[in-house]
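Dear colleague,

I am passing on a structure for you to look at, and below it you will find my notes on what turned up. Please keep the structure open beside the text as you read.

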Amino acid sequence: MKFVAGLTCHLCGATYPAEALWVCADCLGPLEVSYDYAAVKKVMTRSVIESRPRSLWRYLELLPVEEPRTGFNSGFTPLVRATRLARELGVDELYLKDDSVNHPTFSYKDRVVSIAATRAVELGFQVFGCASTGNLAGSVAAHAARLGLPCYVFIPHDLEPAKVLGAAIYAPHVVAVEGNYDDVNRLCTQIADRYGWGFANINLRAYYAEGAKTMGFEIAEQLGWRFPDHVVSPVAGGTLLPRIYKGFREMREIGLVSGQLPKIHAAQPAGSSPVINALDAGLEFPEPVKPATIAKSLAIGNPADGFQVVKVVHETGGAGASATDPEILDAVQLLAQTEGIFTEPAGGTTLAVTRKLIAQGVIKRNESVVVCITGNGYKTAEVMMGRVAQPTRIGRSLADFERALAPQASQPAAARA
Ligand SMILES: Cc1ncc(COP(=O)(O)O)c(C=O)c1O
Ligand SMILES: [Zn+2]
């Protein structure tokens with residue numbers, strides 16, 4: 001924590017020490033970690049970063065921990081140049097930030113949990129937990145297992161089976177609440193308060209959020225220390241989008257990257273789009289909604305950091321759009337069939353919105369765009385079941401094969417000769 005200056009209230013600017021605090025005592029605003037950038041600038045150079053292991057800890061001076069304890073392979077996921085998809089969408093320079101292969105639990109959440117779990121140990125919490133729409137539960141449970149921390153994860157009762165199993169396998173207490181995510185979150189706030197447990201996205205939220213910045217750091221580094229023109233980010237609780245921006249600003253502040261900051265665009269499913277509604281209506285604070293969407297990881301009706309998303313979208317000259325369930329599933333298939341990447345509906349939402357923004361001319365053909373793919377399709381396989389071809393079943397002989405598939409197969413080698 002050599003470079004951490006403290007916690008600052010995002011609303012009123014009050015400052016606090018970097019302890020187990022998460023809301024401002026004066027105005028209840030969210031607290032953010034601030035750093036001594038002048039000191040960071042002296043030590044955190046491009047070559048120092050490039051010499052370090054390929055994980056999110058390569059940006060250690062701008063992360064709020066004493067010493068990394070988990071997540072040694074989290075982050076530094078591929079930035080994929082997507083040429084076939086770009087052609088399909090009508091742009092020249094399209095990249096996918098592919099957190100569907102993040103380690104160890106295949107979503108962007110391994111970034112935020114690496115920091116929150118490390119900080120939970122440092123602050124002496126005896127129990128580590130979270131309120132989750134699925135991916136966070138898996139990540140919290142995995143990192144808790146590795147650290148030997150007792151763990152409770154709270155989820156809505158109707159999550160996809162693979163998300164539930166993907167948490168339960170690490171043997172935390174999985175608590176399925178009869179309600180939606182917003183009910184889960186409310187309950188967890190009360191539990192954190194009464195029992196003094198460390199919840200990654202509640203009382204450890206100031207630290208947790210810092211992990212999301214690493215997606216911004218990596219995008220700029222992997223583009224060769226430059227910013228793209230556009231970034232499209234999914235929004236649920238609203239952690240990721242404003243922190244990608246914070247990451248970009250910090251890189252500029254310490255002189256690692258220069259130039260214009262990207263426009264950052266928000267993507268939400270039509271069935272859970274409080275932030276897009278707020279952008280459309282010109283509201284500063286999103287009005288809560290009741291979520292109903294196939295993109296369950298984005299089904300948050302009352303986003304904790306929704307107002308920060310609205311602010312960053314405005315500040316960067318970005319836009320927002322929502323995608324319907326069929327548009328989301330079409331986009332999941334398009335991504336798989338053009339780039340060989342299988343994402344969950346959260347990634348489909350982000351890509352479907354990107355497609356709209358390109359069609360609307362918000363993102364222009366000659367401008368570069370990074371699409372954040374934040375989750376893995378294998379966790380939600382059932383949503384695609386009716387949309388893919390069944391295997392062609394055949395007998396065991398060559399004749400069986402030829403009867404079933406020969407008209408589509410190319411000429412046999414002997415016939416060609
Ligand atoms: C796959 C995936 N993408 C995106 C998000 C949205 O994250 P945030 O809460 O940071 O807006 C989530 C979180 O719930 C998620 O699971
Ligand atoms: Zn305040």
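In the largest nonpolar core there are 121 residues, and the ones touching the most other members are Ala116, Val140, Val153 and Ala200. The term nonpolar core stands for a set of buried Ala, Val, Leu, Ile, Met, Phe, Trp, Tyr and Cys residues joined through C-beta atoms within 7 Å. A residue is called buried if 20 or more other C-beta atoms lie within 10 Å of its own, exposed if 12 or fewer, and partly exposed in between, with the C-beta atoms placed from the backbone. The helix that gives the most to this core is α8 (residues 205-222), with 9 residues; helices (H or I, at least four residues) and strands (E, at least two) are DSSP runs, numbered from the N terminus.

Please bear in mind that this is a predicted model, in which local features need pLDDT of at least 70 and side-chain atom pairs count only at pLDDT 80 or more, while totals for chains, interfaces and linings use all residues. Residues are numbered from 1 along each chain as its sequence is written, and chains are lettered from A and ligands numbered from 1 in the order in which they are written.

If neighbours within four places in sequence are left aside, Val140 is in contact (C-beta atoms, placed from the backbone, within 7 Å) with Val113, Phe128, Gly129, Cys130, Cys151, Val153 and Ala200.

Helix α8 also packs against helix α9 (residues 240-253), at an angle of about 55° and with the axes 7 Å apart. Here the axes are lines fitted to C-alpha atoms, for helices over the stretch in contact, and angles run from 0 to 180 degrees between N-to-C directions. The residues of α8 that meet α9 include Ala209, Phe217 and Ala220, and among those they meet in α9 are Leu240, Ile244 and Met251.

Some details of the backbone also deserve a look. His103 and Pro104 are joined by a cis peptide bond, with omega about 0°, and Pro104 has its place in the loop between β5 (93-98) and α4 (109-122). Leu28, in the loop between β2 (15-16) and β3 (31-35), has a positive phi of about 65° although it is not a glycine, and Leu28 counts as exposed because it has 10 C-beta neighbours inside 10 Å. Ala171, in the loop between α6 (161-168) and β8 (173-177), is likewise not a glycine but has a positive phi, of about 60°.

With best wishes

How values were computed. Two residues are in contact if their C-beta atoms, placed from the backbone, lie within 7 Å.
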